[in-house]
Amino acid sequence: MQLQQIFGFHAVMSRLKRHHASVREIYLDESRRDPRMQALLALTKEHNIRVIPVNSDRLGGMTGNARHQGVVARVEAVVLPHDLDDILDDLTVPPLLLVLDGVQDPHNLGACLRVADAAGVHAVIAPKDRAVGLNATVAKVASGAAENVPYITITNLARTLRELKDRGIWLVGADDTAEKSIFGASLTGPMALIMGAEGSGMRRLTRELCDLLVHIPMAGTVESLNVSVASGICLYEAVRQRSA
């Protein structure tokens with residue numbers, strides 16, 4: 001099995017806690033002796049994970065000089081459900097989905113996965129084209145969420161959205177020009193929240209397929225929010241309504 005690389009304390013600690021059997025070996029900055037590193041070492045000892053002390057330059061070479069925080073792990077891929085129909089068929093509560101129409105920045109995708117995990121989203125859906133896909137940077141920013149929330153990539157977003165509509169799932173699109181506020185919308189039923197790409201927003205056909213368009217009220221001078229921040233606001237409004 002081909003191994004992957006993840007790095008950063010949150011990502012590696014989360015993998016050790018949730019899926020320790022998938023961790024083959026961990027490379028640590030040999031100069032770090034702080035409590036955070038000691039806590040990580042205690043986990044590796046508990047699960048009998050091989051630890052390789054190296055210098056910071058080698059870690060930088062392994063990660064392309066990304067902010068690795070002194071820890072890089074070589075891991076097996078965690079197998080999550082990858083069939084959307086199977087996920088939906090197994091649910092006993094109204095589905096809550098997040099659809100990302102062309103998010104291309106790995107930091108944004110990682111943050112969206114983290115928000116989705118926190119809000120209890122059942123799956124994140126994205127097209128294979130015009131999207132960043134999962135990589136080590138996404139995993140680091142997601143802080144473990146990439147191994148917990150199913151990330152479903154599909155070849156035809158419009159077809160998938162029509163299939164969701166056929167299942168009775170309400171398509172709610174976030175759009176700055178929408179007349180209705182997210183706080184005035186009913187979000188208690190089966191729902192897929194659709195967020196557009198950075199800058200360009202949703203594609204035309206995606207927008208046309210939405211059952212409802214909503215905006216986030218903006219009281220300040222900024223015109224829009226980061227896609228992960230906007231996702232968090234909208235998802236947690238749905239969570240609030242569902243728990244009321």
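Here is a chat about reading cysteines, a sheet and nonpolar cores in a predicted model.

Colleague: What should I know before I start?

Modeller: This is a predicted model, where local features need pLDDT of at least 70, side-chain atom pairs count only at pLDDT 80 or more, and totals for chains, interfaces and linings use all residues. Residues are numbered from 1 along each chain as its sequence is written, and side-chain values use heavy atoms, with hydrogens and water left out.

Colleague: How many disulfides does a search of the whole structure find?

Modeller: A disulfide is a covalent bond between the sulfur atoms of two cysteines. The test here is a pair of cysteine sulfur atoms within 2.5 Å. The search finds zero of them. For Cys-112, the nearest cysteine sulfur belongs to Cys-234, 11 Å away.

Colleague: Is Cys-112 buried or exposed?

Modeller: Buried means under 20% relative accessible area, exposed over 50%, and partly exposed in between (1.4 Å probe, protein chains only). Cys-112 has 0% relative accessibility, so it counts as buried. Cys-210, at 13%, is buried too.

Colleague: What is the strand order in the open sheet?

Modeller: Strands (E, at least two residues) and helices (H or I, at least four) are DSSP runs, numbered from the N terminus. Two strands pair if DSSP finds at least two bridges between them. In this open sheet of four strands, the order is 1-4-2-3, with mixed pairing. Strand 1 (4–7) and strand 3 (50–54) are at the edges with a single partner strand each, so one side of each has no neighbour in the sheet. Further in, strand 2 (residues 23–29) and strand 4 (residues 71–75) pair in the antiparallel sense over five bridges. Look for Glu-25, which stands opposite Arg-74 in strand 4.

Colleague: Which residues touch the most other members of the largest nonpolar core?

Modeller: In soluble globular proteins, nonpolar side chains tend to be buried together. A nonpolar core is a set of buried Ala, Val, Leu, Ile, Met, Phe, Trp, Tyr and Cys residues joined through side-chain atoms within 4.5 Å. The largest one has 35 residues, and those touching the most other members include Leu-98, Leu-100 and Met-195. Helix 5 gives the most to this core, with six residues.

Colleague: What is Leu-100 in contact with?

Modeller: Contact means heavy atoms within 4.5 Å. Leaving aside neighbours within four places in sequence, Leu-100 has contacts including Leu-109, Cys-112 and Met-195.
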